[in-house]
Amino acid sequence: MAQKRNKKTAIVQCAGGCHAQEGLCSWGCTGCGSCIEACRLHAISMGENGVPSVNRSVCVGCGLCAKACPKGLIRITGPEFNIYPACVNEAPGAETRKACSVGCIACGICVKNCPVGAIHLEHNHAVIDEGKCIACGMCAVKCPRGIILDADGIFTEKA
(Lines give C-alpha, C1' and ligand atoms only; values in the text may rest on other atoms or scores of the structure.)
Protein backbone atom coordinates (compact mmCIF):
# COMPACT_ATOMS: atom_id res chain seq x y z
CA MET A 1 0.00 0.00 0.00
CA ALA A 2 1.33 3.42 -0.95
CA GLN A 3 2.16 5.74 1.90
CA LYS A 4 0.18 8.98 1.96
CA ARG A 5 2.50 11.96 1.67
CA ASN A 6 1.76 15.12 3.63
CA LYS A 7 1.52 18.16 1.43
CA LYS A 8 4.12 20.77 2.31
CA THR A 9 3.53 24.51 2.35
CA ALA A 10 5.55 27.72 2.45
CA ILE A 11 5.51 30.27 5.25
CA VAL A 12 6.93 33.79 5.17
CA GLN A 13 8.91 34.62 8.29
CA CYS A 14 8.28 38.36 8.25
CA ALA A 15 5.08 40.08 9.39
CA GLY A 16 5.89 43.27 7.52
CA GLY A 17 5.70 45.85 10.26
CA CYS A 18 9.21 47.02 9.49
CA HIS A 19 10.44 49.48 6.97
CA ALA A 20 12.91 47.16 5.27
CA GLN A 21 12.57 49.02 2.01
CA GLU A 22 13.84 52.14 3.79
CA GLY A 23 16.74 50.22 5.31
CA LEU A 24 15.52 50.29 8.92
CA CYS A 25 15.32 46.52 9.25
CA SER A 26 18.11 44.54 7.69
CA TRP A 27 16.34 41.25 8.47
CA GLY A 28 12.87 41.86 7.01
CA CYS A 29 11.26 41.34 3.65
CA THR A 30 12.09 43.97 1.07
CA GLY A 31 8.95 43.28 -0.95
CA CYS A 32 11.00 42.61 -4.08
CA GLY A 33 8.54 39.99 -5.35
CA SER A 34 11.12 37.37 -6.36
CA CYS A 35 9.10 34.69 -4.56
CA ILE A 36 5.94 35.70 -6.43
CA GLU A 37 7.74 35.45 -9.76
CA ALA A 38 9.21 32.05 -8.83
CA CYS A 39 5.88 30.47 -7.87
CA ARG A 40 4.57 28.51 -10.85
CA LEU A 41 1.22 27.88 -9.16
CA HIS A 42 0.52 31.55 -8.35
CA ALA A 43 0.16 30.63 -4.67
CA ILE A 44 1.90 33.80 -3.51
CA SER A 45 0.69 37.37 -3.77
CA MET A 46 1.81 40.63 -2.21
CA GLY A 47 -0.09 41.29 0.99
CA GLU A 48 -1.33 44.61 2.32
CA ASN A 49 1.59 44.83 4.73
CA GLY A 50 4.15 44.79 1.90
CA VAL A 51 5.24 41.18 2.37
CA PRO A 52 4.19 38.11 0.39
CA SER A 53 1.17 36.11 1.46
CA VAL A 54 0.98 32.38 0.76
CA ASN A 55 -2.31 30.75 -0.22
CA ARG A 56 -1.88 27.46 1.66
CA SER A 57 -4.66 25.75 -0.27
CA VAL A 58 -2.75 26.26 -3.54
CA CYS A 59 0.86 25.95 -2.33
CA VAL A 60 2.44 22.50 -2.71
CA GLY A 61 5.69 23.34 -0.93
CA CYS A 62 7.94 22.91 -3.96
CA GLY A 63 10.46 25.34 -2.47
CA LEU A 64 10.98 27.56 -5.52
CA CYS A 65 9.88 30.62 -3.57
CA ALA A 66 12.24 29.79 -0.70
CA LYS A 67 15.15 29.49 -3.13
CA ALA A 68 14.20 32.79 -4.79
CA CYS A 69 13.96 34.80 -1.55
CA PRO A 70 17.17 36.87 -1.28
CA LYS A 71 16.77 37.14 2.51
CA GLY A 72 15.92 33.48 3.15
CA LEU A 73 12.65 34.43 4.82
CA ILE A 74 10.54 31.67 3.31
CA ARG A 75 10.53 28.24 4.92
CA ILE A 76 8.84 25.05 3.73
CA THR A 77 6.95 23.13 6.40
CA GLY A 78 4.14 20.64 6.86
CA PRO A 79 0.54 21.86 7.03
CA GLU A 80 0.23 20.57 10.59
CA PHE A 81 2.70 23.27 11.69
CA ASN A 82 0.37 26.20 11.37
CA ILE A 83 1.83 28.21 14.29
CA TYR A 84 5.03 30.06 13.42
CA PRO A 85 7.03 33.16 14.31
CA ALA A 86 6.85 35.71 11.51
CA CYS A 87 10.12 37.38 12.41
CA VAL A 88 13.75 36.31 12.24
CA ASN A 89 15.19 39.66 13.28
CA GLU A 90 18.43 39.27 15.20
CA ALA A 91 18.65 42.85 16.49
CA PRO A 92 18.27 43.59 20.22
CA GLY A 93 14.77 44.47 21.43
CA ALA A 94 15.31 48.25 21.69
CA GLU A 95 16.65 48.41 18.14
CA THR A 96 13.80 46.24 16.87
CA ARG A 97 11.19 48.50 18.46
CA LYS A 98 12.60 51.47 16.52
CA ALA A 99 12.64 49.67 13.17
CA CYS A 100 9.52 47.49 13.31
CA SER A 101 6.07 47.71 14.83
CA VAL A 102 5.69 43.92 15.00
CA GLY A 103 9.26 42.58 15.21
CA CYS A 104 10.22 40.04 17.86
CA ILE A 105 11.87 41.75 20.83
CA ALA A 106 12.86 38.46 22.54
CA CYS A 107 10.70 39.23 25.58
CA GLY A 108 10.28 35.51 26.31
CA ILE A 109 6.53 35.63 26.98
CA CYS A 110 5.98 32.93 24.35
CA VAL A 111 8.62 30.74 26.00
CA LYS A 112 6.98 31.13 29.43
CA ASN A 113 3.49 30.35 28.09
CA CYS A 114 4.32 27.29 25.99
CA PRO A 115 2.96 24.28 27.92
CA VAL A 116 5.31 21.81 26.22
CA GLY A 117 8.56 23.80 26.09
CA ALA A 118 8.57 23.97 22.29
CA ILE A 119 9.79 27.57 22.07
CA HIS A 120 13.19 29.05 22.76
CA LEU A 121 14.88 32.33 21.96
CA GLU A 122 17.71 32.24 19.47
CA HIS A 123 19.55 35.28 18.10
CA ASN A 124 16.95 37.63 19.65
CA HIS A 125 13.85 35.99 18.18
CA ALA A 126 11.46 33.14 18.96
CA VAL A 127 12.05 29.73 17.41
CA ILE A 128 9.46 26.95 17.58
CA ASP A 129 10.59 23.33 17.69
CA GLU A 130 8.05 21.69 15.36
CA GLY A 131 8.86 18.29 16.85
CA LYS A 132 7.57 19.42 20.24
CA CYS A 133 4.84 21.90 19.26
CA ILE A 134 1.25 20.75 19.78
CA ALA A 135 -0.24 23.79 17.97
CA CYS A 136 -2.20 24.87 21.03
CA GLY A 137 -1.79 28.52 20.01
CA MET A 138 -0.92 29.80 23.48
CA CYS A 139 2.23 31.49 22.19
CA ALA A 140 0.29 33.21 19.40
CA VAL A 141 -2.35 34.47 21.81
CA LYS A 142 0.16 35.75 24.37
CA CYS A 143 2.71 37.36 22.03
CA PRO A 144 2.54 41.10 22.80
CA ARG A 145 3.92 42.06 19.38
CA GLY A 146 1.70 39.69 17.39
CA ILE A 147 4.58 38.06 15.52
CA ILE A 148 3.65 34.47 16.30
CA LEU A 149 0.99 33.73 13.72
CA ASP A 150 -1.57 31.04 13.17
CA ALA A 151 -1.84 30.33 9.44
CA ASP A 152 -5.31 28.82 9.95
CA GLY A 153 -6.64 31.97 11.64
CA ILE A 154 -7.94 30.17 14.73
CA PHE A 155 -5.80 31.94 17.38
CA THR A 156 -4.65 34.99 15.45
CA GLU A 157 -5.69 36.81 12.32
CA LYS A 158 -5.16 34.49 9.35
CA ALA A 159 -1.70 34.97 7.86
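Me: Where does R145 sit?
Reply: R145 is in the loop between α5 (138-142) and β8 (148-150). Helices (H or I, at least four residues) and strands (E, at least two) are DSSP runs, numbered from the N terminus. Before we go on: this is a predicted model, where local features need pLDDT of at least 70, side-chain atom pairs count only at pLDDT 80 or more, and totals for chains, interfaces and linings use all residues. Residues are numbered from 1 along each chain as its sequence is written, and side-chain values use heavy atoms, with hydrogens and water left out.

Me: Is R145 buried or exposed, and how far away is the nearest side chain of opposite charge?
Reply: R145 is buried and has no salt bridge; the nearest side chain of opposite charge is E95, 12 Å away. Buried means under 20% relative accessible area, exposed over 50%, and partly exposed in between (1.4 Å probe, protein chains only). For charges, Lys and Arg count as positive, Asp and Glu as negative, and His and the chain ends are not counted. A salt bridge needs a side-chain nitrogen of Lys or Arg within 4 Å of a carboxyl oxygen of Asp or Glu.

Me: Which backbone oxygen does the R145 side chain reach?
Reply: That of C100, at 2.5 Å. Leaving aside neighbours within four places in sequence, R145 is in contact (heavy atoms within 4.5 Å) with T96, R97, C100, S101, V102, G103 and I105.

Me: How many salt bridges does the structure hold?
Reply: It holds 1. R75 pairs with E130, and their closest N and O atoms are 2.7 Å apart. The two are 55 residues apart and link distant parts of the chain: R75 is in strand β4 (residues 74-77), E130 in the loop between β7 (125-128) and α5.

Me: How accessible are R75 and E130?
Reply: R75 counts as partly exposed at 26% relative accessibility. E130 is partly exposed too, with a relative accessible area of 23%.

Me: New topic, the cores. Which residues touch the most other members in the largest nonpolar core?
Reply: A10, I44, V54, C65 and I74, out of 15 residues. A nonpolar core here is a set of buried Ala, Val, Leu, Ile, Met, Phe, Trp, Tyr and Cys residues joined through side-chain atoms within 4.5 Å. Apart from that one lies another core, of 14 residues, including I83, C104, A140 and I148.

Me: What does A10 contact beyond its neighbours within four places in sequence?
Reply: V54, C59, C65, I74, R75 and I76.

Me: Last one: where is P79 found, and what does it contact?
Reply: P79 is in the loop between β4 and β5 (83-85), and is partly exposed, with a relative accessible area of 36%. Its contacts, leaving aside neighbours within four places in sequence, are K7, K8, T9 and R56. P79 and I11 are 68 residues apart in sequence and 9.9 Å apart in space, C-alpha to C-alpha.

Methods
A polar contact is a pair of N or O atoms within 3.5 Å; within protein, one must be able to donate a hydrogen and the other to accept it, and residues adjacent in sequence count only if both atoms are side-chain atoms.
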